[in-house]
Amino acid sequence: MMLRRSLARLSPLLSNGALRLNPKPSLSSSSRSFCSSSQTLSPSPSSSKLDNDHTESSGDSSPAVAISIDRSGLCNPPEHAHEPSSDSELVKHLKSIIKFRGGPISVAEYMEEVLTNPKSGFYINRDVFGNSGDFITSPEVSQMFGEMVAVWVMCLWEQMGQPPSVNLVELGPGRGTLMSDLLRGSSKFKTFTKSLHIHLVECSPVLQRIQHEKLKCTDELINEESGAKSAVSAITDAPVTWHASLDQVPSGSPTIIIAHEFFDALPIYQFQKGARGWSEKMVNVSEDSKFRFVLSPGPTPALLYLSRRCQWAPREEVAKLEQIEVCPSAMDLTRKIAKRIDSDGGAALIIDYGKDGLISDSLQAIRKHKFVHILDDPGSADLSAYVDFASIRHSAEEISENVSVHGPITQSQLLGSLGINFRVETLLQNCTEEQAENLRTGYWRLVGDGEAPFWEGPDEQTPIGMGTRYLAMAIVNKKQGVPVAFQ
């Protein structure tokens, strides 16, 4: 009933035939930009053990002592050839860290350096999105994605009692396409748009400039104290501010947070079960100066996170896995989101690819829309991993009794409930044949499952649906009730 009333109020949005013709999307899709807040873990005397059969470490465990390594028990030890090339600045930096430590680094630290190193990180100094980049995301596939998120945000705003001032926060906004479509789609609802203060959490200077242009921003100002940049979007006259982290977003106003393909790029730790119990999987440099995976010979501090995560899972689920991935950064970020929603009111919408349970081994690298080896040419490919939605739910529920968690549901269910079927029918009535082909392709990519049945082009270009591979979860202040699409 709530959705029906809300859709009736939002009928101008759904009936408007305005169409933005996107270029034909690439068939591979992955992740987005982000600013990680994870902390590096180094070997320390506080190393914990998981299960009684884990081998105890012995002797001084300070970082200055060399760490022995073990590759014999690795699952499918990688035997791959790197393309011959001179070491990049990032590769030299990674090798210097390993040499200084006297032993391997965690997968999480490797991932964080590769993606967000201030000088050479994958996201920092380039535009990695779209057909000319390394991957394409749902907002780039079709304008309908951002428009449906706009419906969800406006419905939530109504449930909140239409507050006159709202912080609308997007984590890792990429090229700004989602926010641009959201503002354009809601621009006729002046009371709503006048309430907005847009906050974009983005650490890449290159992407900040692209977002500034995408949102048609003017009057840029820089806060000398915080370093935050502010402007005004000509789309709706909403103020826009950029931040390096969620912590910098001002509190005190109701907050709506959007995290689309953000959590999957947060650094993960990997663990593998062996004869002596669980060991952390790490990255080291081999005798021929190439990167390779190794196993820690004894407990590492990261095992504390594994122990915590396993407490949330049934014993039988843990017992059947030989490898487990854990993302402490996702747990920490979720707790911050839940605290903000508890204190200020509002909600968060998380959309990403993953599963509602323990993740085994999902870390992947994508370069120019193709999968490559994780250790090949660090900094030249995107790294991402499945999102553990169960971990997000537990992390949020631990923080406060005043927040509720809903989902995950599939992306197809989310967009279908928000009216994407009505929207595509409206757009198809006012477009050329080429635009219609793009609309049908984009629609399938967003809500379909598997290969598109209508495709008549080359087999290698068949659109693959993301409708069931991507999941959506909402964290909401209980005062707002159950959000639309999760009812």
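**Exercise 1. State what share of the chain's contacts between residues at least 6 apart in sequence joins residues at least 24 apart.**

Solution. Take contact as heavy atoms within 4.5 Å. Among contacts in the protein chain between residues at least 6 apart in sequence, 76% join residues at least 24 apart. The model is predicted: local features need pLDDT of at least 70, side-chain atom pairs count only at pLDDT 80 or more, and totals for chains, interfaces and linings use all residues. Residues are numbered from 1 along each chain as its sequence is written, and side-chain values use heavy atoms, with hydrogens and water left out.

**Exercise 2. Describe the protein chain by its elements, burial and surface.**

Solution. Start with the elements: the chain has 16 helices and 20 strands. These are DSSP runs numbered from the N terminus, helices being H or I of at least four residues and strands E of at least two. Next, burial: of the 487 residues, 58% are buried, that is, under 20% relative accessible area with a 1.4 Å probe, protein chains only. Last, the accessible surface is about 20,300 Å², and carbon and sulfur atoms account for 49% of that. The areas come from the Shrake-Rupley method with a 1.4 Å probe.

**Exercise 3. Trace the partners of strand β8.**

Solution. Strand β8 (residues 269-274) is joined to β11 (residues 323-326) by four bridges, antiparallel. Here Y269 has V326 as its bridge partner. Five bridges join β8 to β9 (residues 277-285), also antiparallel. K273 stands opposite W278 in β9, and a hairpin through two residues joins β8 to β9.

**Exercise 4. Classify the packing of helices α12 and α13.**

Solution. The axes of α12 (residues 328-344) and α13 (residues 389-399) are 8 Å apart, at an angle of about 45 degrees. Axes are lines fitted to C-alpha atoms over the stretch in contact, and angles run from 0 to 180 degrees between N-to-C directions. Therefore α12 is oblique to α13; angles under 35 degrees count as roughly parallel, over 145 as roughly antiparallel, 65 to 115 as roughly perpendicular and the rest as oblique. Residues in the contact include M331 and A338 of α12 and I392 and I399 of α13.

Key: Pairing = 2+ DSSP bridges. Buried < 20%, exposed > 50% of the residue type's maximum accessible area, 1.4 Å probe, protein only.
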